[in-house]
Amino acid sequence: MLQPRTICATVVLLGATLVTAAAPAVAAPTTATAATAACPAVWGSGGKSATAATTASVKDVRTGRHDCYDRMVVDVPGAARADLGYAVRYVDRLYQDGSGRHIPVAGGAVLEVRVTAPAYDPETGAATYPARAGAALPGVDVTGYRTFRDARFAGSFEGETQLGLGVRGRLPFRVLQLDGRLVIDVAHTWNAAR
């Protein structure tokens, strides 16, 4: 039969073991909070737009990975910041302007990106960005990105270029107008962009 002192010592040791084992689980949220605090943003998932237009042409589209978001940049050299109009919004499906053709875009959600700049020379009609409607964006590979899943060219019609950006889900995003380029950042998580 166990002595009361042995039972008491066993209970104390068991209690100490449980507290020690639970300590790392308690510490984990503090680390997650610190990571979230490093990605402050006040974005949303609602559509964003700016009314403006330019005759400067789209020359390139590129993407990049950052700690808190994935980024798409539409290069429009010669366009002033105030002349870069856009409309960026989540859509259920991407449909090409003019034809109404469905452009499949992989991912849990699709961001339609419209830039009020042609992807062709307005005087000659010659393409300034070598993309084909429905095809992946030339030179863009989103393999290994946390948020981006696909990037498609829908077309350029009546001075407006239309792209489809496939993302993991309906995550918060922002749009920045800069001289010569339009920037679309999509956050990795909602927590990073409250």
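Visitor: Which residues does Leu137 touch, not counting residues up to four places away in sequence?

Guide: Please keep in mind that this is a predicted model. Beyond four places in sequence, Leu137 touches Val61, Met72, Tyr129, Ala151, Arg152, Phe153 and Leu163.

Visitor: How should I read the nonpolar residues as a group?

Guide: In soluble globular proteins, nonpolar side chains tend to be buried together. Here the largest nonpolar core has 35 residues, and those that touch the most other members are Met72, Val74, Leu137, Ile184 and Val186.

Visitor: Which strands each supply at least two residues of this core?

Guide: They are β3, β4 (86–91), β7 (109–115), β8 (148–157), β9 (160–167), β10 (173–178) and β11 (181–187). The largest share, 4 residues, comes from β7. Another core lies apart from this one; it has 6 residues, including Val91, Ile103, Val105 and Val110.

Visitor: What does the secondary structure of the whole protein chain come to?

Guide: The protein chain has 1 helix and 11 strands. Of the 194 residues, 40% count as buried. Among contacts with a separation of 6 or more, 67% are between residues 24 or more positions apart. The protein chain exposes about 10500 Å², of which carbon and sulfur atoms supply 57%.

Visitor: In which sense do β2 and β3 pair, parallel or antiparallel?

Guide: Strand β2 (residues 60–65) and strand β3 (residues 69–75) are antiparallel, with 6 bridges between them. A hairpin of 3 residues joins β2 to β3. Within this pair, Thr63 stands opposite Met72 of β3, and Met72 is also one of the core residues that touch the most other members.

Visitor: How are side chains arranged along a strand?

Guide: In a regular strand the side chains alternate between the two faces of the sheet.

Visitor: Why does Asp75 count as buried?

Guide: Asp75 counts as buried because its relative accessibility is 13%, and the cut-off is under 20%.

Visitor: What surrounds Asp75?

Guide: Leaving aside neighbours within four places in sequence, Asp75 is in contact with Ser57, Val58, Lys59, Asp60, Arg62, Gly180 and Arg181. With Arg62 there is a polar contact of 2.7 Å between the side chains.

Key:
Residues numbered from 1 in each chain as written. Predicted model: local features only at pLDDT ≥ 70, side-chain atom pairs only at ≥ 80, totals over all residues. Heavy atoms only, no water. Pairing = 2+ DSSP bridges. Buried < 20%, exposed > 50% of the residue type's maximum accessible area, 1.4 Å probe, protein only. Contact = heavy atoms within 4.5 Å. Areas by Shrake-Rupley, 256 points an atom, 1.4 Å probe, with all protein chains shown as cover. Core = buried A, V, L, I, M, F, W, Y, C linked by side-chain atoms within 4.5 Å. Polar contact = N/O pair within 3.5 Å; in protein donor to acceptor, adjacent residues only side chain to side chain.
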